[in-house]
Amino acid sequence: MASSSNSPCAACKFLRRKCQPECVFAPYFPPDQPQKFANVHKVFGASNVTKLLNELHPHQREDAVNSLAFEADMRLRDPVYGCVGLISVLQHQLRQLQMEISCAKSELSKYQNLGITGHGLIAAAANNYNHQQNLGINLIGGGGGVRDHHHHYHHQFFPRDQQQMIRSFDGGNNYDASLLAMNVSANLQLSQFPQPRAAAGDDRRTIDPS
Amino acid sequence: MSHSTRCAACKSLRKRCPEDCVLAPYFPPTDPQRYACVHKIFGASNTTNMLQQLPMHLRAEAADCISFESRSRVEDPVYGSVGIITQLQEQIITAQSELVKTKGEIAFHNAQQQLQQQQMQQLQMIHAIAQEVEDQPLWLSSSQQDPFPNVNQQLLEDYNYSNTFCGFEF
């Protein structure tokens with residue numbers, strides 16, 4: 001994907017230099033996107049980007065350039081917070097959602113506790129109804145030849161489809177009860193994010209300050 | 001005039017730290033790692049330019065954010081802070097689906113509860129009717145209380161054993 005000698009890449013055009021065939025920028029900064037390199041150059045600088053790209057495998061470079069371009073664009077739009085502003089907004093949104101989930105799950109757990117009792121009430125009431133039936137509801141009915149004083153009232157009050165709905169809905173013991181005590185995502189550690197005026201080093205991948 | 005102790009930036013650059021050093025307030029010598037990341041990713045002059053363009057009261061926040069971004073990029077050279085953004089977006093999508101699903105379950109339970117209440121009321125009504133009917137005089141099946149003694153008994157018996165009573169079918 002290297003540019004031909006006739007059309008220098010956006011980086012070489014910006015830097016006003018000849019675009020060599022082996023230009024490291026050419027595959028990632030096409031001439032039709034001049035702003036992309038201009039932003040990256042302004043925020044990171046050409047030599048820093050070159051060093052960064054040279055430390056990566058070729059198949060990683062495109063993603064790296066695109067993420068650098070995104071960061072540069074964010075920093076130019078918001079010179080104080082840059083990307084970190086967006087991270088804060090997303091964190092806040094995630095926290096809100098997690099609180100809502102927690103509240104919804106605790107409300108759901110109340111229903112699931114009541115559900116068992118509710119079905120028992122319906123069943124008991126239905127049994128009472130059946131007993132009542134046997135004690136002789138003296139209505140005219142039956143087509144058979146039995147002519148005694150008591151005729152059973154067979155009318156079905158609950159249509160079949162409603163009977164099926166009465167079956168217990170096990171809202172799913174398909175959620176982990178521990179989710180009720182929601183944690184912030186296990187993947188993110190809050191210490192990653194800048195604390196006000198107290199950014200301390202940690203033992204993650206670092207570089208030698210000397 | 002210069003600082004008695006050089007800031008991390010000037011120490012790294014091996015130069016004198018002037019009194020008005022732009023970076024000195026935000027990159028103390030006690031945290032060399034913080035400046036080292038910034039230097040590697042953004043460079044000294046870019047960092048100085050970025051901070052100089054801002055009013056004084058915003059520079060501390062900006063320095064912290066720049067430090068965070070450079071640290072993220074050192075730890076993840078391919079995606080840097082953008083990796084964190086992507087991760088957060090995925091978690092938000094997952095959380096949104098979970099919330100919708102949970103609210104759906106709540107709505108189902110609400111509907112079920114209302115249905116159960118209706119059914120309870122219907123059962124109570126049936127019991128009340130059944131009790132009332134049982135208490136009524138059994139004149140239709142008992143010859144002692146026949147209010148129509150002159151009616152053709154055969155006709156009455158046929159009527160008693162018909163399949164309908166007051167329009168209700170059995």
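**A close look at the rings and a helix**

Modeller: B:Phe42 counts as buried, because its relative accessibility is 0% (buried is under 20% relative accessible area, exposed over 50%, partly exposed in between, with a 1.4 Å probe and protein chains only). A:Phe44 counts as buried too, also at 0%. Bear in mind that this is a predicted model, where local features need pLDDT of at least 70 and side-chain atom pairs pLDDT 80 or more, while totals for chains, interfaces and linings use all residues. Residues are numbered from 1 along each chain as written, chains are lettered from A and ligands numbered from 1 in the order written, and side-chain values use heavy atoms, leaving out hydrogens and water.

Now the rings: Phe, Tyr and Trp (its six-membered ring) pair if their centres lie within 6.5 Å, with planes under 30 degrees apart called stacked, over 60 edge-to-face and the rest tilted. That gives six aromatic pairs over all chains. One of them is A:Phe44 with B:Phe42, stacked at 5.1 Å centre to centre and 15° between the planes. A:Phe44 sits in the loop between helix 2 and helix 3 of chain A, and B:Phe42 in the loop between helix 2 (32–41) and helix 3 of chain B, so this pair joins two chains. (Helices are DSSP runs of H or I, at least four residues, and strands of E, at least two, numbered from the N terminus.)

Just after helix 2 of chain A, A:Gly45 has a positive phi of about 90°. The buried residues of that helix (34–43) include A:Lys36 and A:Phe37. Its buried residues pack against helix 1 (10–15), helix 3 (46–54) and helix 4 (58–77) of chain A, plus helix 3 (44–52) of chain B, with contact meaning heavy atoms within 4.5 Å.

A:Phe37 also belongs to a cluster linked by ring pairs, with A:Phe14, A:Phe25 and A:Phe29. A:Lys36 lies over the face of A:Phe29, 5.7 Å from the ring centre (the rule wants NZ of Lys or CZ of Arg within 6 Å of the centre and within 35 degrees of the ring normal).
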